[in-house]
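Subject: Structure handover

Hi,

Here is the structure I promised to pass on. Please open it and keep it beside this email as you read.

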Amino acid sequence: MNRGPFIFIGVLIIVSLSWAVTLVKPIQEGGNLSPIGKGADRVPTLVEGLALRGREVYQEQGCVNCHTQQTIAVTGTDIERGWGDRQSMPLDYIDQSPVFTGYNRVGPDLANVGTRRTEAGWHYLHFYNPEITSPGSNMPPFAFLFEKRKIVGEASNRALDLPEGFRVEEGYEIVPSADADALVAYMLALSQAYEIEEAPTPEKLAYK
């Protein structure tokens, strides 16, 4: 008896079921998600205005190649590092297109960077030269997002307050470009610091 057709049909059924469970079902579930609440209570929080332009700069500069935007709770490492309080969920991304969950972590996860780094000045200095804020960082400087210009009259109130060792020559200043402003606004807007009841946390995942 030739069992080949039966084996082929069996394998085909297993592959089809696996495909449906691992791909189709999550896509269908994610596509049916809707925001919860309105206004300031809306979940997820909307990225708007200048931050929305900053999202485009983030994409243009390829930041997604080195940073993720997804907190993982299974191992607890992300939580221990202070990158978030819970695991990221599909609901966190329903407003995003494209979604920047990322796949490489050359740098830290940014899902909640707007919550743990709340000072715009820190982000400006970090983009201008990461060595200022994070000595030893492997992140390249984004100094091209800033303008070095000669001070004519009074210095700009938007000029970077550079520390000793990073200051430019007397009579010049470093001023953020519009793209730098937008990128910093985007960093400050990145936050998943709202509650999603079904989101895993280390406490929920702990063996009891």
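Contact here means heavy atoms within 4.5 Å. With that cut-off, and leaving aside neighbours within four places in sequence, glutamate 198 is in contact with Met89 and Lys204. One caution before going on: this is a predicted model.

Let me stay with glutamate 198 for a moment. Find it in the loop between H7 and helix H8 (202–205). Is glutamate 198 buried or exposed? Its relative accessibility is 56%, so it counts as exposed, since the cut-off for exposed is over 50%. Now look for arginine 86. It sits 112 residues away from glutamate 198 in sequence. In space, the two C-alpha atoms are 9.9 Å apart.

Next, the helix pairs.

Two packed helices are described by the angle between their axes and the distance between the axes. Start with H5 (residues 120–128) and H7 (residues 178–189). Their axes are 10 Å apart, and the packing angle is about 125°. H5 and H7 are therefore oblique to each other. The crossing of H5 past H7 is right-handed. Which residues of H5 meet H7? They are Ala120, His123, Tyr124 and Phe127. On the H7 side, the partners are Ala180, Asp181, Leu183, Val184, Met187 and Leu188. By type, this contact has eight nonpolar residues, one polar and one charged.

H7 also packs with helix H2 (49–60). Here the axes come within 7 Å and cross at roughly 105°. H2 and H7 are therefore roughly perpendicular to each other. From H2, the residues in this contact are Leu50, Ala51, Arg53, Gly54, Arg55, Val57 and Tyr58. From H7, they are Asp179, Asp181, Ala182, Leu183, Ala185, Tyr186, Met187 and Ala189. That contact divides into 10 nonpolar residues, one polar and four charged.

Back to H5, to see how it is covered. Seven of its nine residues are buried, so H5 is mostly covered. The buried ones are Trp122, His123, Tyr124, Leu125, His126, Phe127 and Tyr128. What lies over them? The cover includes H4, helix H6 (130–133), strand E1 (146–150), strand E2 (172–176) and H7.

Now the cores.

In soluble globular proteins, nonpolar side chains tend to be buried together. The largest nonpolar core in this model has 26 residues. Those with the most contacts inside it are Tyr58, Phe127, Tyr128, Phe146, Leu160, Leu162 and Met187. H2, H5 and H7 are the elements that give two or more residues to this core. Which element gives the most? H7 does, with six residues. A second, separate core has six residues, including Val43, Leu91, Tyr194 and Ile196.

Take tyrosine 128 as one member of the largest core. Beyond its neighbours within four places in sequence, it is in contact with Pro141, Phe142, Ala143, Phe146, Leu160, Leu162, Val168 and Ile174.

Then the peptide bonds. Most peptide bonds are trans. Proline 44 lies in the loop between helix H1 (4–31) and H2. Another cis bond joins serine 97 and proline 98, again with omega about 0°. Proline 98 is in the loop between helix H3 (77–80) and helix H4 (113–116).

Valine 64 is in the loop between H2 and H3. Not counting residues up to four places away in sequence, valine 64 touches Tyr58, Phe100 and Gly102. Valine 64 and valine 99 are 35 residues apart in sequence. Their C-alpha atoms are 9.8 Å apart in space.

Serine 177 is in the loop between E2 and H7. Its relative accessibility is 25%, so serine 177 counts as partly exposed. Serine 177 touches Leu145 and Phe146, again not counting residues up to four places away in sequence.

Best wishes

Technical notes. Residues numbered from 1 in each chain as written. Predicted model: local features only at pLDDT ≥ 70, side-chain atom pairs only at ≥ 80, totals over all residues. Heavy atoms only, no water. Axes fitted to C-alpha atoms, helices over the stretch in contact; angles between N-to-C directions. Helix = DSSP H or I, 4+ residues; strand = E, 2+ residues; numbered from the N terminus. Parallel < 35°, antiparallel > 145°, perpendicular 65-115°, else oblique. Left-handed = near helix turned anticlockwise from the far one by under 90°. Nonpolar A, V, L, I, M, F, W, Y, C, P; charged D, E, K, R; others polar. Core = buried A, V, L, I, M, F, W, Y, C linked by side-chain atoms within 4.5 Å. Buried < 20%, exposed > 50% of the residue type's maximum accessible area, 1.4 Å probe, protein only.
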